[in-house]
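Here is a short tour of a fold, written to be read beside the sequence and the 3D view.

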Amino acid sequence: MTLEQRQEAGRRQAVRRGTGDDPMAAGAALRRAHGAVQGRPGEFALGGRTWTLLPGVFAPVHTMSTRLFTGWLPYPAGGSFLEIGSGAGVTAVTAALSGCAHVTAVDIAVAAVANTEVNAQRHGVAGRVRVLKGDLFDEIGPDERFDLIYWNSNVIDAPAEFEYLDELQWAFFDRDYAAHRRYLSQGPELLAPGGRMFLGFNTLGNRDRLLVMADELGLEVRTYRRQSGALSGIGVELSLLEITAG
Ligand SMILES: C[S@@+](CC[C@H](N)C(=O)[O-])C[C@H]1O[C@@H](n2cnc3c(N)ncnc32)[C@H](O)[C@@H]1O
């Protein structure tokens, strides 16, 4: 089977998987739930702490993923942590509160950057959490290295012609899996010796395409931890994947 055929098979399998529906439709439903204004709290509790939730940001109240992945990550005590796509900032702030000496939180969405800053202030770790607006690793200095790199990613493999209409769509859709490809290809270069790289994923994502990409880059993807659950009522399996050199 050619690479293109494997990718297409991966795409078709992704469409059958998860809800049994089209992941694009599931993504649109999630975008609506996370963007809904009515009933959206300005604060939420998670991990024994209270967090500010700003409008237009991926809302941990509508997902299990933030809580599960934040609880599962092996934070490097005294080390450096890079979170791509920090959203409301729960994981980045928890990393700092869990003993990481240096935390960098990046998000492509302006509202998410603001939300992460607010929660870093709220929990007294603004001095150890650097928050950057950027696309994946673009704002990371050439000599920076991290002990742990993590992204709870926008798992839905959107078609190449997909157009982003608002910032919140970045939380769910990755056009032609370009950001996943870059995460896999550039992330390992930014690891300190002994550093580890993780991806928060679920069954709405195109795991087969991810595996093909990893294989092409000589990487292995293993499930670090997983759990069945639901995202806004859509049944999924959530997995924290670890990316390692093959
Ligand atoms: C599924 S949400 C996770 C948010 C947060 N980490 C959490 O677990 O609650 C994915 C996040 O990745 C961000 N994102 C998507 N593409 C990105 C990119 N290319 N660079 C940086 N952030 C990105 C989105 O804006 C969104 O905040």
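## A pair of helices

H6 and H7 cross in the right-handed sense (right-handed if the near helix is turned clockwise from the far one by less than a right angle, left-handed if anticlockwise). Helix H6 covers residues 178-186 and helix H7 residues 207-216; they pack at an angle of about 35 degrees, and their axes are 10 Å apart. Axes here are lines fitted to C-alpha atoms, for helices over the stretch in contact, and angles between N-to-C directions run from 0 to 180 degrees. Helices (H or I, at least four residues) and strands (E, at least two) are DSSP runs, numbered from the N terminus.

On the H6 side, His-180, Arg-181 and Leu-184 meet Leu-210, Met-213 and Ala-214 of H7; contact means C-beta atoms, placed from the backbone, within 7 Å. By class, this contact has four nonpolar, one polar and one charged residues. Ala, Val, Leu, Ile, Met, Phe, Trp, Tyr, Cys and Pro count as nonpolar, Asp, Glu, Lys and Arg as charged, and the others, Gly among them, as polar.

## About the model

Please keep in mind that this is a predicted model: local features need pLDDT of at least 70, side-chain atom pairs count only at pLDDT 80 or more, and totals for chains, interfaces and linings use all residues. Residues are numbered from 1 along each chain as its sequence is written.

## The sheet and its helices

An open sheet is formed by seven strands in the order S5-S4-S3-S6-S9-S11-S10, with mixed pairing; two strands pair if DSSP finds at least two bridges between them. S5 (129-133) and S10 are the edge strands, each with a single partner, so one side of each has no neighbour in the sheet. On average, neighbouring strands are turned by 15 degrees against each other, direction ignored.

S10 and S11 pair in the antiparallel sense over 12 bridges, and Ala-230 stands opposite Gly-235 in S11. Helix H4 packs on the sheet, touching S3 (80-84), S4, S5 and S6, and its direction makes about 175 degrees with that of S4. Helix H5 (residues 110-122) also packs on the sheet, where it touches S4 and S5; its direction makes about 170 degrees with that of S5.

## Buried residues

Why does Tyr-150 count as buried? Tyr-150 has 26 other C-beta atoms within 10 Å, and a residue is buried if 20 or more lie within 10 Å of its own C-beta, exposed if 12 or fewer, and partly exposed in between, with C-beta atoms placed from the backbone. Tyr-150 lies in strand S6 (residues 146-152) and touches Leu-73, Glu-83, Thr-91 and Phe-198, not counting residues up to four places away in sequence.

In H3, Ser-65, Thr-66, Leu-68, Phe-69 and Thr-70 are buried. Their cover includes strands S1 (43-46), S6, S9 (191-202), S10 (219-231) and S11 (234-245), along with H4.

Technical notes: Two residues are in contact if their C-beta atoms, placed from the backbone, lie within 7 Å.
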